[in-house]
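Hi,

Here is the structure I said I would pass on.

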Amino acid sequence: MSTDSSSAYWRATLTLLTKILIVWFLVSFGAGILFADLLNNFHLGGYPLGFWFAQQGSIYVFIILIFYYAKKMNDIDRQFDVHED
Amino acid sequence: MDLQTTIYIGVGLSFALYIGIAIWARAGTTSEFYAAGGSVHPVTNGMATAADWMSAASFISMAGLISNMGYGGGLFLMGWTGGYVLLAMLLAPYLRKFGKFTVPSFIGDRFYSKSASTIAVICLLTASITYIIGQMTGVGVAFSRFLGVSSEVGIYVGMGIVFLYAVFGGMKGITYTQVAQYVVLILAYTVPAVFISLQLTGNPVPQLGLGSSLVGQDMSLLAKLDLIVTDLGFGKYTTTTAGSTLNMFVYTLSLMIGTAGLPHVIMRFFTVPSVKDARSSAGWALVFIAILYTTAPAVAAMAKTNLIRTITPGVVMSNTDPYAAESAIKFDERPDWMKRWEKTGLLKFTDKNGDGRIQYYNDKTKNPEVLKKAEAAGWKGNELDVNADIIVLANPEIALLPNWVIALVAAGGLAAALSTAAGLLMAISSAVSHDLIKGVFMPSISEKGELMAGKIAMAVAIVISGWLGLNPPGFAAGTVALAFGIAASTLFPAIMMGIFSKKMNKEGAMAGMLAGLAVTLFYVFAHKGIFFIKGTDFLPMIGGANSFFGITPEAFGAIGAMVNFIVAFAVDKVTKEPPERIQAMVEAVRIPRGSKAVDGAH
């Protein structure tokens with residue numbers, strides 16, 4: 001693998017990580033903590049929305065994030081031809 | 001069949017299953033002993049990781065804590081699950097590619113230094129041993145409460161069982177018993193929750209039940225609960241935060257980083273066949289964990305509702321005034337489950353105003369209206385003390401569920417404690433036999449010799465942790481904070497910089513780990529005493545409790561991690577960069593191609 005393609009691969013990886021970490025931060029620290037009071041003005045069924053993010057929603061989003069990461073990384077691996085055989 | 005016999009049969013059957021698996025999955029090579037031969041399916045590993053991760057604390061204590069804390073308890077839920085996102089993206093796949101048995105061997109190789117690996121071993125041992133004490137005490141408590149034997153006998157039996165499958169089976173035996181233990185513990189947690197949700201809301205799914213209305217009412221369960229608890233002088237259930245917003249923020253972050261840095265969790269990812277599998281396996285682990293973690297808040301709120309409903313039936317199911325004379329039940333007419341738990345001392349009633357009825361409210365509230373109403377009703381203080389730990393264990397009894405459900409909960413609590421204890425023992429023994437004995441003292445030891453050393457290290461660790469469980473040093477509760485603090489402030493930053501900063505050198509990494517460890521220990525010891533010895537705390541010196549921006553010692557790991565990163569990069573700037581071969585090694589770790597089965601080569 002050439003130096004160019006190796007650094008492009010690493011850049012693609014870091015871009016993906018950054019995107020996922022932003023969502024990770026927004027659902028837990030954002031919706032679950034910093035903006036919880038604000039979101040509590042809205043309701044999801046019987047749940048105040050901020051409370052829901054802190055005790056339910058963030059966990060569901062975390063699961064989606066990991067599987068999304070696993071899938072996207074496999075795509076990136078193939079694109080740069082560094083996947084396992 | 002009476003309750004006691006049913007419990008004996010339930011717990012006996014689950015133990016027979018674990019021992020059967022241990023005999024089937026004996027480890028013959030170091031690769032099987034340390035990494036289950038590197039052939040565990042990612043879904044299987046996910047399930048084993050979930051059991052490994054969810055300890056007696058998750059199973060027994062967490063819902064009770066949330067029940068008391070309300071919204072603020074969400075920090076445990078977000079912290080202990082959000083860490084898996086970090087683990088899946090920042091550590092697990094790269095450590096799997098690196099392909100060695102232990103976390104200290106990565107740190108030792110990446111930072112080309114035996115001293116770095118030894119520092120990592122020390123951090124690993126401190127974190128794992130403090131963590132295991134709580135598991136052993138949990139095993140003792142669960143045995144003594146459910147089987148009617150003393151806590152000591154309980155710990156001996158627990159030690160014997162773990163010895164059988166961990167020492168002979170190694171990682172291979174542990175993996176497959178953890179899968180069985182996951183099944184037992186998740187059934188034990190969700191079955192009662194389903195029944196309770198159905199009783200209260202008519203919805204069998206607890207996660208949806210928590211967002212539903214109470215049976216026969218047009219008000220949601222949470223709104224009703226908010227109303228009742230504020231009326232009784234407690235904080236509003238859905239908004240009461242844990243300390244300040246800043247503390248909740250930092251606490252959550254500390255638990256996330258700590259989770260990602262705990263070695264007994266990380267090393268589970270050495271058992272899957274490929275880098276690709278390590279990524280998806282973390283997702284599966286979180287799926288299996290989430291089944292319990294999204295049920296826990298429902299268990300918490302519903303247990304609180306059920307408790308108040310038991311004492312003052314009309315207040316929850318219709319709209320009776322809790323301060324009316326006939327609202328609370330008479331103590332003599334209390335249900336049987338309360339009598340059973342009174343014997344353990346975890347539930348206590350003191351009739352302060354001598355009216356023969358149970359008054360449950362927050363007598364320390366500053367709300368003058370509540371105090372006035374309580375005085376007018378002739379209340380002389382809160383009369384019911386409920387230990388948070390009984391919330392989950394007593395749940396099936398509170399909801400009047402059949403005996404087999406209670407037996408299942410007993411087996412589940414033991415499964416949670418034993419599976420985590422086994423995972424921790426594995427981390428301890430591999431660090432001792434592989435990183436210390438083979439890595440530092442006897443590099444020429446044969447594979448057979450190393451396997452034997454691993455088994456002896458494990459046996460010794462079982463005896464030590466059992467002894468500590470029998471003679472808890474009086475700091476068991478504070479130690480979990482320390483375990484997370486150390487994992488967050490030392491191991492996580494060191495591993496992360498090892499992968500993401502090609503130029504990070506050994507001086508930087510070692511200085512960072514030591515600085516992170518020192519500042520975390522300093523803050524924790526200031527609150528809880530030097531090495532937890534009573535009377536050696538030095539709070540005045542740092543300006544009182546939680547003096548660092550109101551942050552509690554349990555939440556300090558994230559600050560320790562920040563110190564670690566800053567010191568590491570500062571030292572790295574003024575020392576010379578790592579050799580070419582190390583930089584090439586980092587390049588190789590970053591790409592999946594060329595991954596091989598994990599091995600022990602140095």
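Below is what I found, going through one chain and then the other.

Keep in mind that this is a predicted model.

Let's start with chain B. Its secondary structure amounts to 24 helices and two strands, and the C-alpha trace covers about 80 × 55 × 45 Å along its principal axes. The radius of gyration is 25 Å, which agrees with the value near 25 Å for a compact globule of 602 residues. Of those 602 residues, 58% count as buried. If you take the contacts in chain B with a separation of 6 or more, 81% come from residues 24 or more positions apart.

For 85 residues, a compact globule would have a radius of gyration near 12 Å, but chain A has 17 Å. Its C-alpha trace spans about 55 × 20 × 15 Å along the principal axes. In chain A, 34% of the 85 residues count as buried, and 49% of the contacts between residues at least 6 apart in sequence join residues at least 24 apart.

Now for the core. The largest nonpolar core has 225 residues, and among the members that touch the most others are A:Ile66, B:Ala120, B:Leu185 and B:Ala410. Domain 1 (27-304 + 398-590) and domain 2 (305-397) of chain B both contribute residues, so this core lies between them. As for B:Ala410, beyond its neighbours within four places in sequence, its contacts include B:Ile7, B:Gly10 and B:Phe146.

Cheers

Key: Residues numbered from 1 in each chain as written. Chains lettered and ligands numbered in written order. Predicted model: local features only at pLDDT ≥ 70, side-chain atom pairs only at ≥ 80, totals over all residues. Helix = DSSP H or I, 4+ residues; strand = E, 2+ residues; numbered from the N terminus. Rg over C-alpha atoms; globule rule 2.2 N^0.38 Å. Buried ≥ 20, exposed ≤ 12 C-beta atoms within 10 Å, placed from the backbone. Contact = placed C-beta atoms within 7 Å. Core = buried A, V, L, I, M, F, W, Y, C linked by C-beta atoms within 7 Å. Domains from an automatic or database assignment.
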